[in-house]
Amino acid sequence: MSSTGSVVFQNVRKVFGSFTAIHDLSLTIEPGTLVTLLGPSGCGKTTTLRMLAGLEHPTSGRILIGGKDVTKLPANERDVSMVFQSYALFPHMTAAQNVAYGLASSGLKPKEAVEKAEEGLRLVGLAGLGDRLPSELSGGQQQRVAVARALVLEPQVLLLDEPLSNLDARLRRRVRTEIRDLQQRLGFTAVYVTHDQDEALAVSDRIIVMKDGRIAQEGAPRELYEAPASSFIADFMGEANVMPCDVVGFEGDQAMIRLGALTHRVPRRNVSQPGAAKLAVRPNAIVLEPADKAPFGGVVTHSAYLGDHVEYEVETDAGRLFVIDPAVERMLPATTPVAIAFRNRGIAIITS
């Protein structure tokens, strides 16, 4: 790609009738990064992408691409390309013809369009397959044709709208890796929309989690997973057990929390004073021990063997906990009393 641009939303608002889909949205996407808009259905992520593409226009606010105000420009005058979840390939055209279609429509000479199409297919690992029809390609190959078709137009920003939703789970893992490798190799700016947390964690430089038309939290994948700011983020970015606790003191950048008679150190982050709080604990951060070994305990109410781990539900004074235990050589039956301890990672104090 010959150019890559930044994306800026400045106080963007989108209203449909009496419904406000986007509330005063401000965000910046740096050139050469892949940023994912993540959230449940109806959160506003697709509306945000459509406004960036020019398929919807803001009710108020500004959108800039590469420093240029594109707020009122139609889709065909914006330097972006979009990859749709349905691929949108022409079934009667070969892979090469599909990739060349946009180039030919832009006025490029047929010979040059064919050469660029072949280069685009090579970039996405489909060299030699240009003569095949979409029906002769796998789902993953069809998706790569769609990516190549978007890339050969050399947009400042590549938009990907749920690009893997039509693929099976194993193929999704492979294609998301290919998209991420391609983005890092070519260095283009990409805005990626998905509702799949694992997908977002795997491909993103930065994740923007949206809820009810607003940004709930944004940051690097590790930051959002390990330091969720709210119960919503903790539960949305992978499963989490949320339970009440007390912050009883501080030691440098660590906070001392108490849960029943159990005390534990966790990163202090934004906690400024002792008092009641909430603790988000990942299922794999809980350790089940013999009942006489720790001051906080419970009773196993359900267990399930899943090959490489065992899943438990444990009833405690702080509520029911979901536990993932890698110790498959043992399996605790229901009614087993257990003591509960925490690992050092996968635990965070949340503020709301």
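## A walk through the model

Start by selecting Ala255, which counts as buried at 0% relative accessibility (buried means under 20% relative accessible area, exposed over 50%, partly exposed in between, with a 1.4 Å probe and protein chains only). This is a predicted model, in which local features need pLDDT of at least 70 and side-chain atom pairs count only at pLDDT 80 or more, while totals for chains, interfaces and linings use all residues. Residues are numbered from 1 along each chain as its sequence is written, and side-chain values use heavy atoms, leaving out hydrogens and water.

Stay with Ala255 and colour strand E12 (residues 254-259), where it lies. Helices (H or I, at least four residues) and strands (E, at least two) are DSSP runs, numbered from the N terminus.

Zoom out next. The chain has eight helices and 20 strands, and its C-alpha trace spans about 80 × 45 × 40 Å along the principal axes. Of its 352 residues, 49% count as buried.

On to the largest pocket: select Val80, Ser81, Met82, Gly102 and Leu153, which lie nearest its centre among 20 lining residues. Strand E6 (80-83), helix H2 (95-105) and helix H4 (139-151) are the elements that give two or more residues to this lining. About 640 Å³ of space lies here. On a 1 Å grid over the protein atoms alone, a pocket is an open set of points where a 1.4 Å probe fits, with protein on both sides within 12 Å along at least five of seven lines; lining residues have an atom within 4 Å of a point. The volume is the space filled by probe spheres set on the points, which are joined across faces, edges and corners. By residue class, the lining divides into 13 nonpolar, four polar and three charged.

For the second largest pocket, with about 230 Å³ of space, select Asp198, Tyr225, Met237, Gly238 and Glu239, the nearest to its centre of 13 lining residues. Helix H6 (197-203) gives the most to this lining, with three residues.

Finish at Tyr305, in strand E16 (residues 297-305). Is Tyr305 buried or exposed? Tyr305 is exposed, with a relative accessible area of 52%.

Methods: Nonpolar A, V, L, I, M, F, W, Y, C, P; charged D, E, K, R; others polar.
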